[in-house]
There are 2 protein chains.
Amino acid sequence: MSAARAGADRHADVRARLRGRGSRWTPQRRLVLEVLESAEGHVSATELLERCRRRAPATVASTVYRTLDVLEELGLVRHTHDPSGRIEFHVRPTAAHGHLHCQACGARTEIGAAEAARLLEGLEQAHGFHADLTHLTIAGRCAQCRDRGAQALTRTLQVQ
Amino acid sequence: MSAARAGADRHADVRARLRGRGSRWTPQRRLVLEVLESAEGHVSATELLERCRRRAPATVASTVYRTLDVLEELGLVRHTHDPSGRIEFHVRPTAAHGHLHCQACGARTEIGAAEAARLLEGLEQAHGFHADLTHLTIAGRCAQCRDRGAQALTRTLQVQ
DNA sequence: CGCCTTGTTGCAATGCGTTGCAGTAGCATC
DNA sequence: GATGCTACTGCAACGCATTGCAACAAGGCG
């Protein structure tokens with residue numbers, strides 16, 4: 001249940017887990033962790049970096065990226081790529097799930113773990129391929145944009 | 001059947017289609033087209049750029065990228081993103097299809113149009129979401145790497 | 001054939017993300 | 001509290017991809 005603990009406890013928990021694998025607890029990692037704690041849902045890497053800089057203007061990009069890598073290994077965040085290939089982090093993932101990304105309006109939707117698993121079961125059987133759900137983003141058109149016709153999509157695809 | 005024609009004809013066809021939309025036929029576009037004609041399957045943007053430079057060392061990256069955009073609008077190539085977000089072009093797509101990409105060994109497999117459509121039908125019903133098959137790349141582990149255990153994958157995920 | 005419109009090119013700058021390396025600083029140990 | 005090992009940081013350089021802009025040239029037209 002440690003993952004469900006909140007507040008100050010949380011730092012101690014993460015700190016212990018870092019030490020456990022021979023890693024260290026540093027002010028920079030603490031900063032990134034605090035920023036993540038005040039975030040919800042999907043956040044771009046750039047956005048996270050900016051939020052770090054708002055708290056500590058001297059923040060260095062490479063450190064933040066490396067810290068996010070470490071925290072991903074601990075399971076505290078997951079990343080995917082939006083349809084144009086940029087990184088997005090999903091904060092506090094509760095379960096493996098996939099992502100839908102509308103190329104016309106940018107809307108994001110989640111696919112539940114069960115649903116995603118069902119989708120990909122066929123791949124498992126046909127190709128023996130084990131898909132990484134947490135990394136999955138499917139591009140396309142959401143219901144609203146779909147109804148608004150193809151014009152907007154065509155433009156978006158060009159620009160993207 | 002114009003898309004099935006081969007050789008010199010093909011240039012004339014593309015040229016006509018460019019003119020038809022008010023675009024122009026230039027030496028640079030011809031170069032990219034020739035490079036594409038001698039390519040097969042999935043090629044990274046960087047690889048295409050290098051091949052262009054082998055034929056014409058003065059080739060400029062932005063021109064190639066823009067040309068590829070145009071050719072994608074004509075349907076001559078499709079692009080996806082590999083699991084680390086980099087662009088890959090699929091040359092001469094015969095039909096809409098998806099891609100599987102093994103994060104451990106880098107192997108790529110295609111999902112047939114019919115199979116992909118079947119996979120995503122559920123999304124259409126549950127979310128009204130119309131997925132763009134041509135842009136779909138699913139990351140995970142192929143059958144062989146899966147059997148070789150999780151170690152390799154873990155490392156790859158860190159590095160990625 | 002030469003002119004003119006405007007799509008295209010090349011270049012330089014920008015953005016996002018990664019990497020190599022030398023110096024710094026956690027933290028374990030005594 | 002001092003010491004030493006080594007993970008981490010910051011920096012600078014790099015790679016990939018995109019964009020703004022001024023100069024250029026494709027090709028339609030007289």
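Predicted model: local features only at pLDDT ≥ 70, side-chain atom pairs only at ≥ 80, totals over all residues.
Reader: Why are α2(B) and α4(B) called roughly perpendicular?

Author: The axes of α2(B) and α4(B) cross at roughly 70°. Angles of 65 to 115 degrees count as roughly perpendicular, and α2(B) and α4(B) are therefore given that name. Their axes come within 10 Å.

Reader: What makes α2(B) and α4(B) a contact, residue by residue?

Author: From α2(B), the residues B:Q28, B:R29 and B:V32 meet B:T63, B:V64, B:T67, B:L68 and B:L71 of α4(B). A pair counts when the C-beta atoms lie within 7 Å. By class, this contact holds four nonpolar residues, three polar and one charged.

Reader: How do you know that α2(B) is roughly perpendicular to α3(B)?

Author: For helix α2 (residues 27-37) of chain B and α3(B), the axes come within 10 Å, with a crossing at roughly 115°. The class of roughly perpendicular runs from 65 to 115 degrees, so α2(B) is placed in it relative to α3(B). The crossing of α2(B) past α3(B) is right-handed.

Reader: Which residues meet where α2(B) touches α3(B), and what classes do they fall into?

Author: B:L31, B:V32 and B:V35 of α2(B) meet B:L48, B:R51, B:C52 and B:R55 of α3(B). Five are nonpolar, none is polar and two are charged. The two arginines, B:R51 and B:R55, are in α3(B), and Arg counts as charged.

Reader: What makes β6(A) and β7(B) a strand pair?

Author: Pairing needs at least two bridges, and two bridges join β6(A) to strand β7 (residues 137-141) of chain B. The two strands run antiparallel. In this pair, A:H130 stands opposite B:R141, and A:A131 stands opposite B:G140.

Reader: Why are β6(A) and β5(B) described as standing at the edges?

Author: The strand order is β6(A)-β7(B)-β4(B)-β5(B), in an open sheet of four strands with mixed pairing. β6(A) and β5(B) each have a single partner strand, so one side of each is left without a neighbour in the sheet.

Reader: Which elements of chain A touch chain B?

Author: The contact takes 32 residues from chain A and 32 residues from chain B. Elements of chain A that give two or more residues are α4, α5, β6, β7 and α6. The largest share on that side, seven residues, comes from α5(A). The chain A side divides into 13 nonpolar, eleven polar and eight charged residues.

Reader: What makes a residue part of the surface near DNA strand C, and which come closest?

Author: The cut-off is a C-beta atom within 6 Å of the strand. Around DNA strand C there are 23 residues, the closest being A:W25, A:A45, A:S62, B:S23 and B:Q28. Two or more residues come from each of α3 and α4 of chain A and α2 and α4 of chain B. α4(B) gives the most, with four residues. Seven of the residues are nonpolar, ten polar and six charged.

Reader: Which residues come nearest to DNA strand D, and which element gives the most?

Author: Of the 23 residues around DNA strand D, the nearest are A:S23, A:Q28, B:W25, B:A45 and B:S62. α4(A) gives the most, with four residues. The surface near DNA strand D divides into seven nonpolar, ten polar and six charged residues.

Technical notes. Residues numbered from 1 in each chain as written. Chains lettered and ligands numbered in written order. Axes fitted to C-alpha atoms, helices over the stretch in contact; angles between N-to-C directions. Parallel < 35°, antiparallel > 145°, perpendicular 65-115°, else oblique. Left-handed = near helix turned anticlockwise from the far one by under 90°.
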